[in-house]
Amino acid sequence: MYTPPYFDYNATTPCPQEVVEVMLPYFNEHFGNASSSHHPYGWLAKSTIEDATTAIAKTLGVATECLIYTSGATESINMILKGVARQQQAKGKHIITTKAEHKAVLDCCSFLAENGYEITYLDVDANGLISTKTLQKTLRPDTILVAILYANNETGNIQPLDKIAELTHANGSLLFADTTQALGKVVISSVLQLVDFACFSAHKVYGPKGIGLVYSKDNENAASLPSFIHGGGQQKQQRGGTLNTPLIVGFAKALTWVEHNLNNEIARLKILQQRLEEGLLAIDLATINSKTNPRLPNTVHVSFPYVDGATLLNALSGKIAVSNGSACNSAAVTPSHVLTAMGISSSLAFASLRLSMGRYTTPTDVENAIEIIKTAVSKQRENNILWERRK
Ligand code: PLP
């Protein structure tokens with residue numbers, strides 16, 4: 001059977017064999033509950049989780065007390081946004097975010113808006129970046145939180161956080177950066193020193209699905225983030241529920257695996273990224289979206305005018321695993337809100353592809369991807385009368 005080259009690492013990553021293997025004993029042999037404090041089964045689970053958490057914290061360059069396990073980045077985002085909103089409501093009900101956030105942030109913000117909070121959505125420019133001047137003007141005494149996507153999951157653009165952090169903190173507000181896509185792709189330890197909250201998800205870094213983290217820089221903030229999953233008193237009352245030993249062990253192994261030799265991997269991916277962009281730009285009128293410096297080394301976002309997005313994706317499906325960056329909301333298919341926020345027309349946003357690479361992407365995969373996409377785009381244009389008439 002034909003295995004299409006995988007160019008969707010920003011959606012999820014495979015678990016390497018060594019990650020799967022370290023998890024296995026904790027499903028059967030060492031199945032104890034970390035909260036069982038009166039027998040060796042529980043003691044083993046507890047100490048295993050402590051060791052895994054120490055390894056994760058060390059890799060991130062933070063203290064273990066700053067970390068809370070969740071089911072993934074979506075839950076972490078809910079915990080941070082709704083938690084800060086509740087915790088800070090006496091100070092104010094104004095939150096600033098951007099129009100190019102992940103849906104998890106945007107949907108939490110809509111929920112908070114329905115519950116009496118005021119949300120300001122900052123515009124982004126053609127590269128997906130906000131204006132710090134506008135941020136400065138938008139901050140108010142009642143602004144409790146600024147929520148900014150650090151590395152964009154669709155375009156890979158990276159938002160410089162130094163100035164954003166300076167302005168936010170000078171205003172007495174808290175800063176949350178969605179670092180889900182940055183982990184394991186760029187060095188982020190310095191970013192964690194700038195922000196008050198961040199979030200992570202194991203399945204984006206070669207770990208298992210269903211486990212993530214809230215990072216809270218200041219222990220006092222973490223301790224006072226109100227819990228919204230009650231029961232059992234685990235994780236210092238912050239998130240109830242039995243801790244998932246195999247997934248935590250897998251997360252720790254994956255993170256140390258991905259962070260090992262990260263700089264070499266970044267350099268390797270940059271070469272593949274450059275070749276992929278060069279190959280795709282050889283297609284007539286193709287444009288690369290968002291080339292900020294720095295940006296994620298694994299992501300390429302490209303648009304093809306005179307191409308129907310849905311037909312292109314149909315032609316590619318089965319041949320190559322890519323994403324088109326458009327959001328499917330049950331019945332309605334809408335163009336990517338990230339691209340439209342960047343000023344790209346709806347029709348061009350549909351005719352765009354996100355290709356995201358990772359540890360197992362080879363130069364041959366890149367050459368194949370270029371050929372597959374080139375062929376699909378030219379076939380479509382052959383049948384497009386507007387392409388014929390464009391001159
Ligand atoms: N934030 C960003 C930037 C993402 O890319 C994703 C997943 O695509 C999430 C949050 C949600 O992550 P999870 O799948 O762990 O809920």
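Biologist: How many residues surround the ligand?

Modeller: In this predicted model, the closest residues to the ligand are Thr74, Asp178, Gln181, Ser201 and Lys204. Together with the others of the shell, the number of residues that surround the ligand is 13.

Biologist: Which helix gives the most residues to the shell around the ligand?

Modeller: The shell divides into 3 nonpolar, 8 polar and 2 charged residues. The element that gives the most to this shell supplies 3 residues and spans residues 73-87. That element is helix 3.

Biologist: What percentage of the ligand's accessible area does the protein cover?

Modeller: On its own, the ligand has 390 Å² of accessible area. The share of this area that the protein covers is 85%.

Biologist: What is the reach of helix 9 from its first C-alpha to its last?

Modeller: Helix 9 covers residues 245-259, which gives it 15 residues. At 1.5 Å a residue, a span of 21 Å is expected, and the value for helix 9 is close to this. From the first C-alpha to the last, helix 9 reaches 21 Å.

Biologist: How many of the 15 residues of helix 9 are buried?

Modeller: The buried residues of helix 9 include Leu247, Ile248, Val249, Phe251, Leu255 and Val258. What covers the buried residues includes helix 1 (17-23), helix 2 (40-60), strand 1 (67-70) and helix 10 (262-281). Helix 9 is largely enclosed by the rest of the structure, because the number of its 15 residues that are buried is 11.

Biologist: Is Thr245 buried or exposed?

Modeller: Thr245 lies in helix 9. Leaving aside neighbours within four places in sequence, Thr245 is in contact with Tyr26, Gly32, Ala45, Thr48 and Ile49. Its relative accessibility is 3%, so Thr245 counts as buried.

Biologist: Which residue takes a positive phi just after helix 9?

Modeller: The phi in question is about 65°. The residue that takes this value just after helix 9 is Asn261.

Biologist: Where does Tyr206 lie, and is this residue buried or exposed?

Modeller: Tyr206 has a phi near 70°, a positive value in a residue other than glycine. Its place is the loop between strand 6 and strand 7. Since its relative accessibility is 6%, Tyr206 counts as buried.

Biologist: What is the relative accessible area of Tyr306?

Modeller: Tyr306 is placed in the loop between strand 9 and helix 11 (309-316). Its phi is near 65°, again positive in a residue other than glycine. Tyr306 counts as partly exposed because its relative accessible area is 32%.

Biologist: With the side chain of which residue does the side chain of Asn289 make a polar contact?

Modeller: Asn289 lies in the loop between strand 8 and strand 9 and counts as buried, because its relative accessibility is 7%. Contacts of Asn289 beyond four places in sequence include Thr155, His301, Val302, Met342, Ile344 and Ser352. The polar contact of its side chain, at 2.9 Å, is with the side chain of Ser303.

Biologist: How many Å apart in space are Ser356 and Thr334?

Modeller: In sequence, Ser356 and Thr334 are 22 residues apart. In space, C-alpha to C-alpha, the two are apart by 21 Å.

Key
Residues numbered from 1 in each chain as written. Predicted model: local features only at pLDDT ≥ 70, side-chain atom pairs only at ≥ 80, totals over all residues. Heavy atoms only, no water. Near = heavy atom within 4 Å. Areas by Shrake-Rupley, 256 points an atom, 1.4 Å probe, with all protein chains shown as cover. Helix = DSSP H or I, 4+ residues; strand = E, 2+ residues; numbered from the N terminus. Nonpolar A, V, L, I, M, F, W, Y, C, P; charged D, E, K, R; others polar. Expected span 1.5 Å × (residues − 1). Buried < 20%, exposed > 50% of the residue type's maximum accessible area, 1.4 Å probe, protein only. Contact = heavy atoms within 4.5 Å. Polar contact = N/O pair within 3.5 Å; in protein donor to acceptor, adjacent residues only side chain to side chain.
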